[in-house]
Amino acid sequence: MHALHVLAEIAAVALSLVSTLLAIAGLGRDGRSDALASFAPFTFLLSLAGAALAWTALGPGLATTALLTLDGVAAVLCLVRLVPEFIRLRPAFRSDPVALRVLSGNLLWINPSGERAVAAILACDPDVVILQEVGRRLTAPLAGLEARYPNAASCPHAGLRIYTKFPMVAHRCNCEQADTPRGRLLTATIRLSDQATVTLATTHFSHPYRGDAQARERQGLGAAVRGLEVRDLVLAGDFNTAPWSHAMRSQDDALAPLRRWSIAWFTWPARLRRGRLAWPLPLLPIDHIYAGPGWSHVRLRRVRLPGSDHFATEASLCRPPVCEPPSPV
């Protein structure tokens with residue numbers, strides 16, 4: 001029992017110190033700080049665990065007070081990041097008619113279950129399919145989409161694709177403006193059945209801990225979006241960025257008047273061990289959906305794509321005057 005008590009004391013000190021250091025390190029504005037800030041929910045839980053252990057293992061005293069202070073600092077720093085995002089959540093009680101259904105997902109370059117992933121997409125039967133990490137290994141399975149989605153745009157070097165049932169008026173990828181495969185923007189303009197045109201776009205960012213690569217990609221994305229007609233724009237992709245990071249806050253501002261509808265929308269991981277071991281509960285929200293002011297409401301649903309390490313997102317978009325304006329956020 002004495003050994004267990006000593007271990008509990010050591011754990012209390014370790015959890016309190018680690019949570020405080022992580023919370024403080026996540027305050028920076030560089031990519032590595034943003035990577036740590038992405039884990040703010042877990043840092044918050046670590047601080048609570050450290051406080052609980054400190055109180056039960058050490059009891060009242062100066063050491064306990066010091067550890068509780070550290071845990072309190074960590075918890076407050078995490079809550080400052082998390083609360084603004086979570087208070088934007090609204091109950092999804094709407095039953096408005098849907099004008100466009102879009103499914104967006106990262107397929108994983110080495111997906112071992114490409115045929116099953118395509119079958120899952122076809123079972124959802126969206127109007128538009130937006131994909132990231134489409135590699136050569138997936139060429140044959142993706143041929144199964146072409147019968148139902150005869151119009152497609154692709155950026156092979158970046159692994160980006162857009163499939164649609166509707167006629168495609170134009171498409172392009174800003175490859176000439178990107179020095180790496182990540183951060184490129186693939187766009188496709190489609191004509192809906194009511195003759196309205198809608199622009200779809202997708203991108204795939206680098207991981208935030210890789211120097212300033214993602215910062216350059218965000219700047220490039222902002223510049224590219226400013227050159228588009230944004231009213232009916234739908235932007236979806238793997239941004240490798242959590243919404244409580246400095247990067248996402250600056251990105252939301254840069255992309256205005258686009259609105260991010262993926263509020264605290266957790267999508268990763270869906271699988272472990274390179275897509276072979278299913279994981280039931282996504283832990284990080286890094287795949288996002290933006291829509292222009294021409295869309296009044298967007299409803300989201302998670303979709304598991306076999307073999308992928310991301311959950312895909314199915315977005316049902318409504319447009320006025322069919323839909324009522326959304327409540328203020």
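S13 and strand S14 (residues 311-318) form an antiparallel pair held over 8 bridges. Within this pair, His-297 faces Cys-318 of S14. Strands are DSSP runs of type E with at least two residues, helices are runs of type H or I with at least four, and numbering starts at the N terminus. Two strands count as paired when DSSP finds at least two bridges between them.

The model is predicted, so local features need pLDDT of at least 70 and side-chain atom pairs count only at pLDDT 80 or more, while totals for chains, interfaces and linings use all residues. Residues are numbered from 1 along each chain as its sequence is written, and side-chain values use heavy atoms, with hydrogens and water left out.

**The sheet that holds S13 and S14**

- This open sheet has 6 strands in the order S3-S4-S2-S1-S14-S13, and its pairing is mixed.
- Strand S3 (151-155) and strand S13 (297-304) are the edge strands, each pairing on one side only.
- On average, neighbouring strands of the sheet are turned by 15° against each other, direction ignored; the axes behind such angles are lines fitted to C-alpha atoms, and angles run from 0 to 180 degrees between N-to-C directions.
- Strands of a sheet pair through backbone hydrogen bonds, in either a parallel or an antiparallel sense.

**Strand S4 and its two partners**

- Strand S4 (residues 160-164) is mostly covered, with 4 of its 5 residues buried. Buried means under 20% relative accessible area, exposed means over 50%, and partly exposed lies in between (1.4 Å probe, protein chains only).
- S3 pairs with S4 in the antiparallel sense over 5 bridges, and Cys-155 stands opposite Leu-160 of S4.
- The hairpin of S3 and S4 has 4 residues between the strands, and Gly-159 there takes a positive phi near 70°.
- Strand S2 (residues 128-132) also pairs with S4 in the antiparallel sense, over 4 bridges. Leu-131 has Arg-161 in S4 as its bridge partner.

- The pairing of S5 with S6 is antiparallel and covers 5 bridges. The bridge partner of Ala-170 in S6 is Thr-189.

- Arg-260 is placed in strand S9 and counts as buried, at 3% relative accessibility.
- The side chains of Arg-260 and Asp-252 are joined by a polar contact of 3.0 Å. Such a contact is a pair of N or O atoms within 3.5 Å; within protein, one must be able to donate a hydrogen and the other to accept it, and residues adjacent in sequence count only if both atoms are side-chain atoms.
- A polar atom of the Arg-260 side chain also lies 3.0 Å from the backbone oxygen of Ser-262.

**Backbone exceptions in loops**

- Most residues other than glycine have a negative phi, and most peptide bonds are trans.
- The peptide bond from Ala-256 to Pro-257 is cis, and its omega is near 15°. Pro-257 sits in the loop between helix H8 (246-255) and strand S9 (259-260).
- Trp-268 and Pro-269 are likewise joined by a cis peptide bond, with omega about 0°. Pro-269 belongs to the loop between S9 and S10.
- Gln-195 is not a glycine, yet its phi is positive, near 75°. Gln-195 lies in the loop between strand S6 (186-191) and strand S7 (197-204) and is exposed, with a relative accessible area of 52%.
- Asn-240, also not a glycine, has a positive phi of about 50°. The residue is found in the loop between strand S8 (234-238) and H8.

- Leu-272, Leu-277, Trp-279 and Leu-281 make a nonpolar surface patch of about 350 Å².
- Leu-272 is part of strand S10 (residues 271-272) and is partly exposed, with a relative accessible area of 31%.
- Patch residues have over 30% relative accessible area and no salt bridge; like charges are joined within 9 Å and nonpolar side chains (Val, Leu, Ile, Met, Phe, Trp, Tyr) within 5 Å. A salt bridge is a side-chain nitrogen of Lys or Arg within 4 Å of a carboxyl oxygen of Asp or Glu. Accessible areas come from the Shrake-Rupley method with a 1.4 Å probe, and for residues only the protein chains shown count as cover.
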